[in-house]
Amino acid sequence: MSSELPPELADSPKPKELMAIDYRPPQQPWMETPVNFKPGNYCFPTKAKNLRVLDMPNPREWAPEEEDWKLPENWMEIIREGMKDRLDKYRSFKLFMDICVRCGACADKCHFFLGSGDPKNMPVLRAELLRSVYRGEFTKAGKILGKLAGARKLTIDVIKEWFYYFYQCTECRRCSVFCPYGIDTAEITMMGRELLHLLGLGINWAMEPVANCFRTGNHLGILPNGFKDALDFFAEDAEEITGVKIDVPINKKGAEILFVVPSGDYFGDPGTYTCTGYIMLFHELGLDYTWSTYASEGGNFGLFTSHEMIKRLNAKIYAEAKRLGVKWILGGECGHMWRVVNQYMDTMNGPADFLEEPVSPITGTKFENANSTKMVHIMEFTADLIRHNKLRLDPSRNDNRIVTFHDSCNPARAMGILEEPRYVIKNVCNNFYEMPENTIREQTFCCGGGAGLGTDENMDTRLRGGLPRGNAVRYVQEKHGVNSLACMCAIDRATLITVCDYWARGVEVTGIHEMVANALIMRGEKDRQTDLRGEPLPGKEDEEDV
Amino acid sequence: MPELELGGNTYEVDEDGFLQQLDKWNPQFAQDYAPLEGIDGELTEDHWKLINYIRDYYEEYGIAPMIRKLCKDCKFKLKYIYEMFPSGPAKGACKLAGLSKPTGCV
């Protein structure tokens with residue numbers, strides 16, 4: 001590992017400087033504290049071409065640091081109407097606006113607050129940015145008593161504040177774990193973002209993937225020939241390492257299982273190694289499955305955009321399952337896909353009654369928990385294989401790795417998949433250490449780059465948001481010599497690299513099925529010399545040198 | 001849209017400096033852009049090998065190649081690519097090749 005910071009961090013302050021966080025709130029009241037957009041703390045706006053693809057309002061060029069955001073003349077009316085519609089449509093929204101007693105249990109649970117000290121990043125206050133307008137516009141007390149009732153007027157500055165803070169929330173829902181009322185703060189951010197979109201205010205890192213998904217089926221804009229090229233490349237690579245020739249079925253009608261992954265897995269490192277791991281595992285099992293060039297995205301940046309968009313993007317997976325005539329769907333190491341599948345799919349696009357109850361063709365296990373969505377998480381699938389002794393594994397092939405596990409926010413908190421990944425990891429590697437208990441499982445800390453914030457221009461915000469997670473990684477690095485951070489989410493695999501480079505230098509990020517495939521003893525394989533990354537396997541270092 | 005003046009020509013670029021009108025690309029653009037990416041002097045044969053590989057891949061597939069594939073096909077180690085393009089393959093080499101930045105879980 002190079003001792004120099006990677007180029008995207010070259011201009012960032014040193015960790016020690018960033019850690020000098022002032023937790024004292026400003027002197028003036030929060031309603032009178034304006035936002036200050038400066039490079040590093042906000043994301044670039046959605047490009048007009050992407051809004052046009054999606055038929056969304058007000059496509060134009062604009063910049064957050066400029067005074068004039070080029071809003072429609074009747075912007076105030078649009079927001080009022082938009083809020084009214086949503087209060088009528090979503091009881092949860094109305095409830096979350098009404099029931100908060102501002103107890104503050106969530107205040108110090110947010111990674112962005114812990115890393116910045118900015119009181120408006122306390123989830124309670126971030127929600128107040130919206131609630132104060134709700135009170136002013138929609139409650140009697142607020143209309144009459146104004147500020148006394150915690151209400152305020154809708155102004156351009158409020159809109160700017162929303163844009164600033166609703167894009168400094170990764171919808172990770174750690175705060176919700178601690179809320180005595182169970183307020184889902186991510187849904188408040190989602191509502192804030194929906195309202196902003198009505199005015200043409202969004203960020204490109206979230207909206208270009210959404211637009212790409214409409215054009216080509218995936219966030220990255222990869223066309224079917226590029227999709228096939230990537231998977232063929234992984235198969236070739238795996239064959240070079242193992243000597244086993246691997247077929248990769250694509251768009252195969254009548255296959256038993258449709259397999260869906262985030263597109264980052266077949267484009268960006270280190271996800272590509274996990275992707276190679278999937279095809280090796282399925283080949284070894286002789287699984288009757290298929291990839292799809294249409295449902296070529298598990299991720300759903302609609303979740304970071306609007307309910308309508310979640311529904312539109314999620315529908316593609318099920319439409320493709322129907323077209324191909326599969327029995328059920330298996331999903332890869334993706335994060336927020338599982339929030340969508342577990343908590344929205346059934347209401348929005350369900351029931352998927354044209355599919356069958358998922359049953360593992362290898363072990364016969366019925367995945368009853370997936371009865372309504374017909375979609376099984378690969379970690380459940382693989383843990384079940386191991387439990388039934390269906391895989392021959394040599395964990396010593398991962399002996400170069402001293403591993404800790406980052407629970408990805410959505411699989412952990414929106415799905416409760418906590419044991420399976422640990423069970424799999426412990427079976428494929430010999431060195432595993434947990435981070436402190438208030439930073440894992442339901443209490444896991446976000447990577448700081450979820451919900452569309454994983455870009456570079458907001459690096460200051462990302463590094464601050466990544467501090468609690470980075471700090472916990474650093475702890476096990478110093479205590480146990482941990483050198484590998486395993487995770488099962490493509491956003492994590494992309495953004496935790498930066499978090500580790502900055503806060504826990506020397507720790508490498510890995511997917512879980514990369515380690516599974518390293519340990520997997522395949523039928524007919526040759527004496528493997530390297531792991532999937534081309535590095536010599538433990539004990540093979542000398543042979544490599546000769 | 002920000003404009004960038006290079007060698008007497010004006011190009012539309014995005015906030016990160018990626019070329020917006022892909023058909024405006026020409027070898028002179030890459031050469032003129034090089035100093036802004038921390039590359040001194042004339043682009044070498046290896047620089048061009050990588051830039052041309054990226055452009056050919058884009059021509060066929062409509063997207064930048066995976067870094068793993070690019071390293072393998074060009075027979076360059078990733079470390080060497082960083083030596084040639086200090087901002088790396090995605091943000092340096094692709095920028096000079098006139099492609100836009102990939103977005104999503106990457």
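This report describes the domains, sheet, helix contacts and chain contact of a predicted model.

## Domains of chain A

Chain A falls into two parts, domain 1 (10-202) and domain 2 (210-519). Their C-alpha centres are 30 Å apart. Where the two domains of chain A meet, 28 residues of domain 1 are in contact with 31 residues of domain 2.

On the side of domain 1 of chain A that touches domain 2, at least two residues each come from helix 1 (15-18), helix 2 (48-53), helix 5 (111-116), helix 9 (174-178) and helix 10 (185-198). Helix 5 of chain A gives the most to this side, with 5 residues. By class, this side of domain 1 of chain A has 13 nonpolar, 10 polar and 5 charged residues.

## The parallel sheet of chain A

Chain A has an open sheet of 4 strands in the order 2-1-3-4, with parallel pairing. At the edges are strand 2 (289-290) and strand 4 (375-377) of chain A, each of which pairs on one side only.

Strand 1 (residues 257-260) and strand 3 (residues 328-331) of chain A are joined over 4 bridges in the parallel sense. Within this pairing, L258(A) has I329(A) of strand 3 of chain A as its bridge partner. Helix 14 (residues 307-324) of chain A lies across strand 1, strand 2 and strand 3 of chain A, and runs at about 150° to strand 1.

## Helix contacts in chain A

Helix 14 of chain A also meets helix 15 (residues 336-349) of chain A: the two axes come within 10 Å and cross at roughly 90°. Angles of 65 to 115 degrees count as roughly perpendicular, and helix 14 and helix 15 of chain A are therefore roughly perpendicular to each other. Helix 14 of chain A contributes I310(A), K311(A), N314(A), A315(A) and Y318(A) to the contact, while helix 15 of chain A contributes V340(A), Y344(A), M345(A), M348(A) and N349(A). By class, the residues of this contact between helix 14 and helix 15 of chain A are 7 nonpolar, 2 polar and 1 charged.

The crossing of helix 18 and helix 22 of chain A is left-handed. From helix 18 of chain A, the contact takes P421(A), V424(A), I425(A) and V428(A); from helix 22 of chain A, it takes I512(A), M515(A), V516(A) and A519(A). The residues of the contact between helix 18 and helix 22 of chain A comprise 8 nonpolar, no polar and no charged.

## Contact between chain A and chain B

Chain A puts 28 residues into its contact with chain B, and chain B puts in 17 residues. On the side of chain A that touches chain B, the elements giving two or more residues are helix 11 (204-216), helix 12 (224-242) and helix 21 (490-503) of chain A. Helix 12 of chain A provides the largest share of that side, 5 residues. The side of chain A that touches chain B has 14 nonpolar, 9 polar and 5 charged residues.

## The hairpin of chain B

In chain B, strand 1 (residues 3-6) and strand 2 (residues 9-12) pair over 4 bridges in the antiparallel sense. L6(B) is opposite N9(B) of strand 2 of chain B. The hairpin formed by strand 1 and strand 2 of chain B has 2 residues between the strands, and G7(B) takes a positive phi near 50° there.

Conventions:
Residues numbered from 1 in each chain as written. Chains lettered and ligands numbered in written order. Predicted model: local features only at pLDDT ≥ 70, side-chain atom pairs only at ≥ 80, totals over all residues. Pairing = 2+ DSSP bridges. Contact = placed C-beta atoms within 7 Å. Axes fitted to C-alpha atoms, helices over the stretch in contact; angles between N-to-C directions. Nonpolar A, V, L, I, M, F, W, Y, C, P; charged D, E, K, R; others polar. Left-handed = near helix turned anticlockwise from the far one by under 90°. Parallel < 35°, antiparallel > 145°, perpendicular 65-115°, else oblique. Domains from an automatic or database assignment.
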